[in-house]
Amino acid sequence: LVRGWDFQQFYVAGRLVADGRAAVLYDADAFQATQRSLLPVDEQNILFFPLYPPMIGLAVAPLAKLPYLAALSIWSVLNIACYAFACRLLARAVGRRYRWVFILAAVGFFPLFIALRAGQMTPILFLFLVIGLRYRSGLALSLLACKPQLAVGTFLYFALRRRWSVCGGMILGGLAQAA
């Protein structure tokens, strides 16, 4: 069983971009042929369809030049660093009285271990969310477009609260990513 099953999709997209084949990023046959050439495919390791926005392929392209396990290891370290930094930013909002409770909760947060095992990008998106909420930065929040359902929900939250500068930043960031 290939480790980091979600990361496989990012790795394949990154390889297509790194190889100058971004034009076929959403061609399911080309995507799956690339997956077959890079990773084992069998009843435990299924074929994927290209589901993520193109910025994922662009962001992972440098890692996709490495062997899969090396790329996954770096991805995992990046995820841990993003989670730790997000927790550090959040810890500033927690009073001293509850600091140890926060630290224990952050270290023992079970979904983090699932995200790391699966090679997900959740800790990276968590950092974008914390930065965006802490500094009311629509540009940081626009990076949630890597998982559009997160961006839409966050945008609606700020729109309902009439935080137009945050909404504008999210729109600007989204347009920049689309370009």
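The entries below go from the whole chain to single residues.

**Ground rules.** I am working with a predicted model, in which local features need pLDDT of at least 70, side-chain atom pairs count only at pLDDT 80 or more, and totals for chains, interfaces and linings use all residues. Residues are numbered from 1 along each chain as its sequence is written, and side-chain values use heavy atoms, with hydrogens and water left out.

**Whole chain.** I looked up the secondary structure and found ten helices and zero strands. Helices (H or I, at least four residues) and strands (E, at least two) are DSSP runs, numbered from the N terminus. The C-alpha trace spans about 50 × 35 × 25 Å along its principal axes. Of the 179 residues, 42% count as buried; buried is under 20% relative accessible area, exposed over 50%, and partly exposed in between, with a 1.4 Å probe and protein chains only. I also looked at contacts (heavy atoms within 4.5 Å). Among those between residues at least 6 apart in sequence, 64% join residues at least 24 apart.

**Charges.** I noted 17 positive and 6 negative side chains, with the centres of the two sets 27 Å apart. Lys and Arg count as positive and Asp and Glu as negative, while His and the chain ends are not counted. The place of a charge is NZ of Lys, CZ of Arg, CG of Asp or CD of Glu.

**Aromatic pairs.** How many aromatic pairs does a search of the whole structure find? I got nine. Rings of Phe, Tyr and Trp (its six-membered ring) pair if their centres lie within 6.5 Å; planes under 30 degrees apart are stacked, over 60 edge-to-face, and the rest tilted. The ring centres of F7 and F10 are 6.3 Å apart and the planes stand at 80°, so I logged this pair as edge-to-face. Both residues sit in helix α1 (residues 5–18), three residues apart, about one turn of the helix. F7 and F10 are both buried.

F7 also pairs with Y68: the centres are 5.7 Å apart and the planes at 45°, so that pair is tilted. This one links distant parts of the chain, from F7 in helix α1 to Y68 in helix α4 (residues 68–91), 61 residues apart. Relative accessibility is 0% for F7, which therefore counts as buried, and Y68 is buried at 10%. I wrote down one aromatic cluster made of F7, F10, Y11, Y52, Y68 and W75.

**D6.** Which side chain of opposite charge is nearest to D6? K147 is, at 5.8 Å, and D6 is buried yet has no salt bridge; that term asks for a side-chain nitrogen of Lys or Arg within 4 Å of a carboxyl oxygen of Asp or Glu. D6 lies in helix α1. Beyond its neighbours within four places in sequence, D6 is in contact with A118, G119 and Q120.

**T154.** I found T154 in helix α9 (residues 148–160). Its relative accessibility is 11%, so T154 counts as buried. Not counting residues up to four places away in sequence, T154 touches L129, L141, L144 and M170.

**Y135.** Is Y135 buried or partly exposed? Partly exposed, because its relative accessibility is 49%. Y135 belongs to helix α7 (residues 122–135), and its contacts, leaving aside neighbours within four places in sequence, are L89 and R92. Y135 and Y98 are 37 residues apart in sequence and 23 Å apart in space, C-alpha to C-alpha.
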